[in-house]
Number of protein chains: 2
Amino acid sequence: MLNGFAKLFREKGYEGTSLAELAEATGLKKASLYHRFPKGKEEMAKAVLLNVNNWVEEHVFNTLTNELLTPEERLKNGLQYIKKLYDNGNTPCLLQAFSMQSGINIFNQLINDSMSYWVDAFTNIGLAFDLSQSVAKEKATQVLIDIQGSLIVSRGCNNPNIFIDTLNKIEDIYTKK
Amino acid sequence: MLNGFAKLFREKGYEGTSLAELAEATGLKKASLYHRFPKGKEEMAKAVLLNVNNWVEEHVFNTLTNELLTPEERLKNGLQYIKKLYDNGNTPCLLQAFSMQSGINIFNQLINDSMSYWVDAFTNIGLAFDLSQSVAKEKATQVLIDIQGSLIVSRGCNNPNIFIDTLNKIEDIYTKK
DNA sequence: ATATATTTACCGAACGTTCGGTTATTAACA
DNA sequence: TGTTAATAACCGAACGTTCGGTAAATATAT
């Protein structure tokens with residue numbers, strides 16, 4: 001159910017997704033959604049965002065910090081999950097979709113937290129590669145930029161390879177040099 | 001007038017911007033907009049996109065290819081215009097705002113062309129730095145990714161410095177190493 | 001120069017549609 | 001039977017758009 005919502009929100013944004021569409025995606029009727037989400041559309045969007053965050057924590061973050069693996073393995077596996085998250089570059093980022101809308105909006109805090117979370121995750125892997133805290137954070141920020149930017153440029157240029165190539169390059173950022 | 005539209009579209013997206021807001025931004029009434037833009041909202045959005053493209057061509061592209069300047073000067077000045085275009089990282093990118101909406105939308109072709117245009121512009125400066133065509137294009141794509149990504153991450157982290165730092169780093173990509 | 005015709009710019013009001021959200025009723029199930 | 005889930009019907013408000021008509025500006029003709 002939340003996955004169906006996510007697909008809509010990612011591709012159409014918050015304002016661009018109507019309750020009619022959200023209802024159709026679930027098979028339920030519009031009114032029935034208010035039984036599950038009494039606070040309406042905003043609650044649905046937040047639920048989706050939290051759900052994605054949980055997936056990211058479970059898969060990406062837990063992988064990047066899994067001390068049973070070597071740093072190289074953590075990074076490689078973590079990036080695989082990211083590739084999956086964005087469907088090889090064919091799926092827009094939910095954070096983008098929600099941050100681009102309505103000027104100062106309701107999701108700002110959640111988005112801010114989520115981004116910090118991503119930075120933390122990659123700072124962690126940087127530390128595993130024996131980088132200093134400051135360098136690790138610098139690289140982590142660049143990884144975020146690369147992911148977000150390549151998603152946009154991939155889509156804008158109709159070329160998912162740009163996203164794939166970027167993920168490969170991220171691996172090099174840590175392992176080579 | 002188009003600048004007022006641009007501000008709205010950039011911050012609220014296409015669907016998120018209403019005709020009432022567009023009218024208010026001009027001082028005209030809603031109905032009057034249809035005198036200037038008979039095809040309505042879509043025509044307004046396209047006019048804004050073309051207007052921005054013209055600005056970019058006039059300032060960014062012309063600077064990057066100005067043979068009266070050294071490659072270093074072209075790059076430095078071009079980046080200055082980009083900094084201005086995005087108001088030091090405080091203004092979202094119109095291409096992002098339009099590409100993120102409505103699934104497969106009406107602007108896809110225009111967005112695709114605009115992105116190619118940016119890649120061309122930076123491929124050009126790469127060639128001025130004596131890079132091969134393929135390496136120049138590779139670097140140009142990365143510049144696009146850096147700009148688009150840093151705009152998103154800057155905003156997401158409430159830290160415009162991320163955008164500024166990225167522009168500085170782009171200069172290094174060409175001038176150092 | 002003056003009066004007339006034509007075009008341009010603008011606006012109030014209303015259009016049909018869709019928006020997010022609510023209420024009253026029915027169906028399902030314990 | 002009593003509680004929960006789902007729905008049909010409906011709401012006011014806002015959406016993008018259209019239209020009839022007015023005022024201002026421009027062109028034409030005398």
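Visitor: What makes a residue of chain A count as in contact with chain B?

Guide: Contact means heavy atoms within 4.5 Å. By that rule, 34 residues of chain A are in contact with 34 residues of chain B. The model is predicted, with local features requiring pLDDT of at least 70 and side-chain atom pairs pLDDT 80 or more, while totals for chains, interfaces and linings use all residues. Residues are numbered from 1 along each chain as its sequence is written, chains are lettered from A in the order in which they are written, and side-chain values use heavy atoms, without hydrogens and water.

Visitor: What area do chain A and chain B bury between them?

Guide: Buried area is the accessible area (1.4 Å probe) that two parts lose on being put together, summed over both. Here the two chains bury about 2,700 Å², 65% of it on carbon and sulfur atoms. A:M100, A:I145 and A:I152 lose the most area in chain A, together 24% of what that side buries.

Visitor: How many salt bridges does the rule find across the interface of chain A and chain B?

Guide: The rule asks for a side-chain nitrogen of Lys or Arg within 4 Å of a carboxyl oxygen of Asp or Glu. Across this interface it finds zero salt bridges.

Visitor: Why are two numbers given for the packing of α8(A) and helix α7 of chain B?

Guide: Two packed helices are described by the angle between their axes and the distance between the axes. For α8(A) and helix α7 (residues 108-128) of chain B, the angle is about 115° and the axes are 8 Å apart. A:I152, A:V153 and A:G156 of α8(A) meet B:I111, B:N112 and B:M115 of α7(B).

Key: Axes are lines fitted to C-alpha atoms, for helices over the stretch in contact, and angles run from 0 to 180 degrees between N-to-C directions. Helices (H or I, at least four residues) and strands (E, at least two) are DSSP runs, numbered from the N terminus.
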